[in-house]
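Open the model in your viewer and keep the selection panel at hand.

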Amino acid sequence: MHARFPDFRLGKVLATSFTATLTERCGNAVERIPTPQRLVDWLAVVGLAVESCTTAQLDLARELRESMHAALTAAAVQDSLPASAVQVMNDFSIQGRAAAILTPEGNRQWRLSSDSCVEDALGVIAADAISIIAGERDGKLALCASPTCQAAFFDTSQSRTRRWCDMNTCGNRQKKARFNAHQRKNAAG
C-alpha cells in the first residue's frame, strides 16, 4: 500500500512551483517531495521526466530548492542575494543538460534527452530561477501574505498586486479566517 502524500502545488512558474514543494515554512512545514520517487513524480508533472532518483539526488534537489527560496525571497524584498544561494543556483544551472524547444503554439519548453538524470532537470529549474531574479521575465517577485507561508511567488497579474502564492490555499484560508472572525464578532455583539 502506498503512503498518501500531500498534493503538489503547481503554478505556471517552474522555479516557484519547485520552491513550493516545501510549504508552510513559517508554520507546520509540509514536505511535498519526501521520497526520491516523489521527486521523480514531480519532475514528470512539470515536463522534466527522468527515469529514477537516488536519496543523494533528492538531497541535491532540496539543497537547490532551499537556495532558490533564499535567493527568491531576498529578491522579492529587494535585499542582497545570499552569495551561497547564488553559487548553488549557478552550479546547478551550469551542470544541467537540456535543450529549449519551441512548441507549435509558440511557447518554449525544456526537453531532456532520454538518458537525462535528476541533475539535468535541476539545471533547468535553476536556470528558470536565474531568469526571474535577473528580471528577464515580465512579472514581479512577491512574498505570500499568509503569516505561515511567506513563499516567494512570481506575480504576473496585470496590476502586480497579488497577495497570495495560491488563492486556493493561502488566500482561501485567510478569507475563511476573516469571515469566521466577523461571524464571531457579530454573534458576540
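Start with the largest nonpolar core of this predicted model, which has 36 residues. Select F18, L39, L43, L64, M68 and I125: these touch the most other members of that core. Then colour the elements that give two or more residues to the core: α1 (14–19), α2, α3 (55–76), α4 (83–95), α5 and β6 (152–155). The largest share, eight residues, comes from α5.

Next, centre on F18 and show its contacts. Not counting residues up to four places away in sequence, F18 touches L39, W42, A61, L64, R65, M68, L122 and I125. A second, separate core has eight residues, including A142, C144, A151 and W164.

Now select helix α2 (residues 36–45) together with helix α5 (residues 118–133). Their axes are 12 Å apart, and the two helices pack at an angle of about 50°. α2 and α5 are therefore oblique to each other, and α2 passes α5 in a left-handed crossing. To see the contact, show L39, W42 and L43 on α2, and V118, A121 and I125 on α5. By class, the residues of this contact are six nonpolar, no polar and no charged.

How do α3 and α5 lie relative to each other, roughly parallel or roughly antiparallel? Their axes cross at roughly 0° and come within 11 Å. Angles under 35 degrees count as roughly parallel, so this pair falls in that class.

For the α3 side of the contact, select Q57, L60, A61, L64, M68, A71, L72 and A75. For the α5 side, select V118, E119, L122, I125, A126, A129, I132 and I133. The contact of α3 with α5 divides into 14 nonpolar residues, one polar and one charged.

The last stop is R65, which sits in helix α3. Is R65 buried or exposed? Its relative accessibility is 3%, so R65 counts as buried. Show its surroundings: leaving aside neighbours within four places in sequence, R65 is in contact with F18, T19, T21, L22, R25, E31 and I33. Finally, draw a C-alpha to C-alpha distance from R65 to V86: the two are 12 Å apart in space and 21 residues apart in sequence.

Key: Residues numbered from 1 in each chain as written. Predicted model: local features only at pLDDT ≥ 70, side-chain atom pairs only at ≥ 80, totals over all residues. Heavy atoms only, no water. Axes fitted to C-alpha atoms, helices over the stretch in contact; angles between N-to-C directions. Helix = DSSP H or I, 4+ residues; strand = E, 2+ residues; numbered from the N terminus. Parallel < 35°, antiparallel > 145°, perpendicular 65-115°, else oblique. Left-handed = near helix turned anticlockwise from the far one by under 90°. Contact = heavy atoms within 4.5 Å. Nonpolar A, V, L, I, M, F, W, Y, C, P; charged D, E, K, R; others polar. Core = buried A, V, L, I, M, F, W, Y, C linked by side-chain atoms within 4.5 Å. Buried < 20%, exposed > 50% of the residue type's maximum accessible area, 1.4 Å probe, protein only.
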